[in-house]
Amino acid sequence: MGRSGEGRFAKSRVDALSDGVFAFSMTLLVLDIRLPDDLVVASAADLAAHLVSLWDRTLTYVISFFVLGAFWRSGIELRPSGEDADRSVVHLVLVMLLFVTAVPFSSGLVGRYGHFLPAILVYAANMAVLGVLTIAMRYLDVKPGKRSLAAAAGARLPTFLASAVLSVLIALVAPRYAMYAYLLNFLTRLPFWPGRGFEGRS
């Protein structure tokens with residue numbers, strides 16, 4: 001007879017709890033990177049200066065994120081699994097998650113100071129890096145002999161990256177209207193948009 005139910009836990013639930021705690025902790029780290037709510041910004045130069053002043057908090061955030069990532073990676077390496085993830089993919093996932101957790105900061109920044117160029121640049125950089133990393137992950141997710149950069153990018157990600165670049169170009173002239181560039185991404189949802197690559201798969 002096996003042991004009684006008391007004191008026994010499904011390993012999958014323990015792993016899920018562990019992953020959840022790590023994810024929550026890594027997300028909370030970015031909350032320390034913020035500008036004061038009562039900050040008065042009179043120009044793009046002022047905003048840029050305030051953003052530069054956050055470098056020490058940003059550095060601490062990056063270091064702490066990857067320290068937690070190292071502990072998480074050590075934990076998953078000990079788990080029995082029928083399908084092991086390549087080490088380079090795991091590293092890429094951690095880098096992508098770093099920029100995912102930065103989205104609340106970049107979104108809040110552009111929400112408050114979207115009429116200044118530095119806010120547009122930070123948000124566009126965050127979005128562009130996420131787009132590039134998504135393409136890289138899709139590329140590595142396919143067997144080496146069947147990899148295609150075009151298939152990894154699909155029909156939508158190039159438009160997403162183009163909208164980020166366009167927002168920066170608009171911001172150089174009229175920052176207040178730069179965020180409208182992301183409306184281009186709605187075109188990829190229309191029926192006539194070519195559904196090639198990953199988006200076209202059933």
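Arginine 112 is partly exposed, at 34% relative accessibility. Its side chain meets that of aspartate 37 in a salt bridge. The model is predicted. A search of the whole structure finds one salt bridge.

**Salt bridge**
- The N to O distance between arginine 112 and aspartate 37 is 4.0 Å.
- The two residues sit 75 residues apart and link distant parts of the chain.
- Arginine 112 belongs to helix α5, whereas aspartate 37 lies in the loop between α1 (11–28) and α2.
- Aspartate 37 counts as exposed because its relative accessibility is 67%, and the cut-off for exposed is over 50%.

**Nonpolar cores**
- The largest nonpolar core holds 21 residues.
- Touching the most other members are Leu35, Leu47, Leu51, Tyr61, Phe105, Leu109 and Tyr113.
- Helices α2 (44–52), α3 (55–77), α4 (87–101) and α5 (103–113) each give two or more residues to this core.
- Leucine 51 touches Leu35, Phe105, Leu109, Pro118 and Val122, leaving aside residues up to four places away in sequence.
- Another core, of 13 residues, lies apart from the largest one; Val110, Ala124, Ala171 and Ala178 are among its members.
- In soluble globular proteins, nonpolar side chains tend to be buried together.

**Helix α4**
- Helix α4 has 15 residues.
- From first C-alpha to last, α4 reaches 21 Å, close to the 21 Å expected at 1.5 Å a residue.
- Its buried residues are Val90, Leu92, Leu94, Met96, Leu98 and Thr101.

Technical notes:
Residues numbered from 1 in each chain as written. Predicted model: local features only at pLDDT ≥ 70, side-chain atom pairs only at ≥ 80, totals over all residues. Heavy atoms only, no water. Core = buried A, V, L, I, M, F, W, Y, C linked by side-chain atoms within 4.5 Å. Buried < 20%, exposed > 50% of the residue type's maximum accessible area, 1.4 Å probe, protein only. Helix = DSSP H or I, 4+ residues; strand = E, 2+ residues; numbered from the N terminus. Contact = heavy atoms within 4.5 Å. Expected span 1.5 Å × (residues − 1).
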